[in-house]
Amino acid sequence: MKEYGTSIDDACKKLQEMVEDAWKDINQECLNPTTFLAPLLQTSLYFTRILENVYKYIDAYTESNTTMRECISLLLVQPVPI
């Protein structure tokens, strides 16, 4: 922001555009066959999805009393109906 003299809103919009572009790149690369092992690629893809969920709108890791608590509870505590 200091380097380019922009506002916080402009910087946030630019970061969101960069994240969207990165997701497009990730999805495109997932469609192409590679020499890497599939489990390794899937693990990194799942980790990226988790990070986006944690940091998309708020810092849910630091502010754990937000949606993250509910997500973890739904995942680990609540039974899954079969």
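Is tyrosine 46 buried, exposed or partly exposed? Partly exposed, with a relative accessible area of 43%. I'll come back to that residue. One caution before anything else: this is a predicted model.

Start with the fold. The protein has 3 helices and 0 strands. Read from the N terminus, the order is α-α-α. Helix α1 covers residues 8–31. Helix α2 covers residues 38–55.

Now the overall dimensions. The radius of gyration is 17 Å. For a compact globule of 82 residues, we would look for a value near 12 Å. The box around the C-alpha atoms, taken along the principal axes, is roughly 55 × 40 × 15 Å.

What about burial? Of the 82 residues, 6% count as buried. The protein exposes about 7800 Å². Carbon and sulfur atoms supply 62% of that area.

Next, charge. There are 7 positive and 12 negative charges. Their mean positions lie 2 Å apart. Which residues gather in a patch of negative charge on the surface? Glu17, Glu20, Asp21, Asp25 and Glu29. Take glutamate 17 from that group. This residue sits in helix α1. Its relative accessible area is 44%, so glutamate 17 is partly exposed.

How far is cysteine 30 from threonine 66? The two C-alpha atoms are separated by 32 Å. Along the chain, these residues are 36 apart.

On to the nonpolar surface. Four residues form a patch there: Phe36, Leu37, Leu40 and Leu41. Together they have about 440 Å² of accessible area. Pick out leucine 40. Leucine 40 belongs to helix α2. Why does leucine 40 count as exposed? Because its relative accessibility is 54%, and exposed means over 50%. Now follow leucine 40 across the model to glutamate 70. In sequence the pair is 30 residues apart. In space, C-alpha to C-alpha, the separation is 28 Å.

Back to tyrosine 46, as promised. Tyrosine 46 is found in helix α2. At 43%, this side chain is partly exposed. Tyrosine 46 and lysine 14 are 32 residues apart along the chain. Their C-alpha atoms are separated by 24 Å.

We have 3 helices and 0 strands. Burial stands at 6% of the residues. On the surface, Glu17 is one of the residues in the negative patch. Leu40 is one of those in the nonpolar patch. And all of this, once more, rests on a predicted model.

Technical notes:
Residues numbered from 1 in each chain as written. Predicted model: local features only at pLDDT ≥ 70, side-chain atom pairs only at ≥ 80, totals over all residues. Heavy atoms only, no water. Patch = residues over 30% accessible without salt bridge, like charges linked within 9 Å, V, L, I, M, F, W, Y side chains within 5 Å. Areas by Shrake-Rupley, 256 points an atom, 1.4 Å probe, with all protein chains shown as cover. Salt bridge = Lys/Arg side-chain N within 4 Å of Asp/Glu carboxyl O. Helix = DSSP H or I, 4+ residues; strand = E, 2+ residues; numbered from the N terminus. Buried < 20%, exposed > 50% of the residue type's maximum accessible area, 1.4 Å probe, protein only. Rg over C-alpha atoms; globule rule 2.2 N^0.38 Å. Lys, Arg positive; Asp, Glu negative; His and termini not counted. Charge placed at Lys NZ, Arg CZ, Asp CG, Glu CD.
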